Amino acid sequence: MTPVVSFAIALLLLALALWSVLARDAFVAVAGFVAYGLLLSLVWVRLAGIDVALTEAAIGGGLTGALLIGAVARLRATEAAALHERSGGGVRGLAALLSAAVAALLVLCVLVLPGPAPTLAPQVAANLPATQVGNPITGVLLAFRAVDTLLEAIVLVIALLGVWSLAPDGLWGGRPGQRHVADPDGIFAYLARLLPPIGIVIAIYIFWAGADHPGGKFQAATILAAMWMLVQMAGLADVPPVSTRRLRWGIAAGPLVFVAVGVLGVLTAGIFLAYPEGWAKPMIVVIEIALLPTLTLVLALLMNGPPARNPES
Amino acid sequence: MRLVLDLFTMAAIGLGLFFYLAGTLGLLRFPDAYTRLHALTKADNLGLALVVLGLLPQVGSVLAGLKLLLVWLLVILSSAVVSQLIARTARQQERHR
């Protein structure tokens, strides 16, 4: 029974991937991509990678899907013209050749992988108790490979700066995106009032459970960002101008605290990002709490896009 | 007792899957947005409700059961709102035409 289900999911996944690539209409392609992301998270569940599954559902299907739908809406005006364009046979042949070559190279790479894949899993399992964290994923992300997580947080902030820098000079520091209006007595506004308290509790639960179970700051931040977007889209609260000092401090908080903890490691344990003996868990919690607002703000503001209105409006 | 509960689970989930199948069939076969939404909400509400009901005897703790119920309630809430929004958008587009 189980292999049949796995096989069916794999087949469906390939079909959806092909659908997203081949669809001529951008919206259809995005719809396929979102379904692909959700199905992929099912695959991760079957591979017992619950953490990856949660992240894939939240970031791969949810957030990326929402970003792509936003992009499709912006491209609507030019898409009709592009639909009638067909590139020449030579170009299409070259593209097909290039794609086939990349695919062949990937297949080759997979085939020449050493038999038992090199793994650090036993070392992680052996040293996990030293971090006082129960979830090995959290242990790897915030103790053994904390530098990667630090750089990841910084990359996200830089990506947001990149989006902001697309603003015209006159609007720099203004409010991102358009102001959403919705019927204040409508069902959408009702949902935007009812859901955020529940969402915040669930996000904090997932955040806290991340120490010993699947979950953590990234999944929690995605839920919080979604709640904020919901409130914005229902027109209940506007997004603050990007020049707001509190907003900027909130975004900078995560990386700053992370670097501060790293420097503390130099002073107490002699190496950057080393945690003093017996202090690993509190330090990890401090970093995670500091990263939560950063990730929430960055994810939501990436959705909002570059500043498009004067700060006064 | 165990056997009775297992049979109950199988019956409830089987019935739930039937509603999902019917809902999907309706989504594919019905002619316009409103009737498709009608089919879809049957799958969302009844289908998921029966699946959750069937899973309840299988969970080990009260807390896990409450989580399942919460999932069901949240899905009902969001599907009710989303179908309202989709129906309204479809209606507005019809008027513009």
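What is the mean pLDDT of chain B, and what share of its residues reach 70 or more? The mean is 89, and 99% of the residues of chain B reach that value, pLDDT being the predictor's confidence in each residue, from 0 to 100. This is a predicted model, in which local features need pLDDT of at least 70 and side-chain atom pairs count only at pLDDT 80 or more, while totals for chains, interfaces and linings use all residues. Residues are numbered from 1 along each chain as its sequence is written, and chains are lettered from A and ligands numbered from 1 in the order in which they are written. The model scores ipTM 0.83 and pTM 0.86.

**Chain A, the two domains**

Select residues 1-75 of chain A as domain 1 and residues 119-309 as domain 2, with bounds that come from an automatic or database domain assignment. Their C-alpha centres lie 23 Å apart, and the contact between them takes 11 residues from domain 1 of chain A and 9 residues from domain 2 of chain A, where two residues are in contact if their C-beta atoms, placed from the backbone, lie within 7 Å.

**The largest core**

Next, select Ala220(A), Ala221(A), Leu224(A), Ile287(A), Leu295(A), Val298(A) and Leu299(A), which touch the most other members of the largest nonpolar core, a set of 50 residues. Such a core is a set of buried Ala, Val, Leu, Ile, Met, Phe, Trp, Tyr and Cys residues joined through C-beta atoms within 7 Å; a residue is buried if 20 or more other C-beta atoms lie within 10 Å of its own, exposed if 12 or fewer, and partly exposed in between. H11(A) gives the most to this core, with 14 residues. Domain 1 (1-75) and domain 2 (119-309) of chain A both give residues to this core, so it lies between them. Centre the view on Val298(A), which touches Leu156(A), Val157(A), Leu160(A) and Ile251(A) when residues up to four places away in sequence are not counted.

**Helix H5 of chain A**

Now move to helix H5 (residues 121-131) of chain A, which is hardly covered, with 1 buried residue among its 11; helices (H or I, at least four residues) and strands (E, at least two) are DSSP runs, numbered from the N terminus. Just after H5(A), Gln132(A) takes a positive phi of about 60 degrees.

**Chain B**

Finally, select chain B, which has 3 helices and 0 strands, and whose C-alpha atoms fill a box of roughly 60 × 25 × 10 Å along the principal axes. Buried residues make up 12% of its 97 residues.
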